[in-house]
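Please open the model in your viewer and keep the selection panel at hand. The stops below say what to select next and what is there.

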Amino acid sequence: MIRHLVLFKLDEGVERDDPRVVAGVEAFRALDGKIPELRFWELGWNLSDRPIAYDFAINSAFDDVDALRRYVEHPEHQAGVALWHEFATWVIADYEF
């Protein structure tokens, strides 16, 4: 199995209730059950107030690297990515478990 972690940092001055952010969260929330390759899917807002903390996280799992690639290339995933490009940066980690 492949774990796919994504940590998002909202751009300076962008808040969680910004309509763009709300739409971005909903776009990713809606992926659950729509992309057959997803074996595990959870997402949520960070609770830590530490300055090094990221703001939002997605934790997902896939059977293998090919399934992860199909997810990344899926049009609905790409639509969500396009929304997040407007107001955030992010880092990822993909690893076997």
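Helices (H or I, at least four residues) and strands (E, at least two) are DSSP runs, numbered from the N terminus. This is a predicted model, in which local features need pLDDT of at least 70 and side-chain atom pairs count only at pLDDT 80 or more, while totals for chains, interfaces and linings use all residues. Residues are numbered from 1 along each chain as its sequence is written, and side-chain values use heavy atoms, with hydrogens and water left out.

**Stop 1: the loop between β2 and β3**

Select S48, which sits in the loop between β2 and β3. With a relative accessible area of 34%, S48 is partly exposed; on this scale, buried means under 20% relative accessible area, exposed means over 50%, and partly exposed lies in between (1.4 Å probe, protein chains only). A polar atom of the S48 side chain lies 3.1 Å from the backbone nitrogen of R50. Such a pair is a polar contact, that is, a pair of N or O atoms within 3.5 Å, where within protein one must be able to donate a hydrogen and the other to accept it, and where residues adjacent in sequence count only if both atoms are side-chain atoms.

**Stop 2: helix α1 and its cap**

D18 caps the N-terminal end of α1, with a side-chain oxygen 2.8 Å from the backbone nitrogen of R20.

Now select α1 itself, residues 19-29, and colour V21, G24, V25 and F28, which are buried. These residues cover an arc of only 95° around the axis, which puts them on the same side of α1; the arc is that of the directions from the helix axis to the C-beta atoms. An α-helix has 3.6 residues a turn, so residues three or four places apart point the same way. The buried residues of α1 pack against β1 (2-10), β2 (40-45), β3 (56-62) and α3 (75-85), where contact means heavy atoms within 4.5 Å.

Also in α1 is A23, which is partly exposed, with a relative accessible area of 36%. If you draw a distance from A23 to W45, 22 residues apart along the chain, their C-alpha atoms are separated by 14 Å.

**Stop 3**

Select A67, L68 and Y71, the buried residues of α2. Seen down the axis of α2, they fall within an arc of 100°, so they line one face of the helix. The face turned away from this buried side carries the exposed residues V65 and E73. At the start of α2, a side-chain oxygen of D64 reaches to within 3.2 Å of the backbone nitrogen of D66.

A polar contact of 2.9 Å joins the side chains of E37 and R70, and, leaving aside neighbours within four places in sequence, E37 is in contact with A61, F62, A67 and R70.

**Stop 4: helix α3**

In α3, select H77, G80, V81 and W84, which are buried. Viewed down the axis of α3, the buried residues fall within an arc of 105°, so they line one face of the helix. On the face turned away from them are the exposed residues P75 and H85, whereas what covers the buried residues of α3 includes β1, α1, β3, α2 and β4.

**Stop 5: the nonpolar core**

Which residues have the most contacts inside the largest nonpolar core? Select F28, W41, I58, Y71 and W84, which hold that place in a core of 23 residues. β1, α1, β2, β3, α2 (65-73) and α3 each supply at least two residues of this core, and the largest share, 4 residues, comes from β1. A nonpolar core is here a set of buried Ala, Val, Leu, Ile, Met, Phe, Trp, Tyr and Cys residues joined through side-chain atoms within 4.5 Å.

Centre the view on Y71, which touches H4, L31, I35, L38, W41, F62 and H77, not counting residues up to four places away in sequence.
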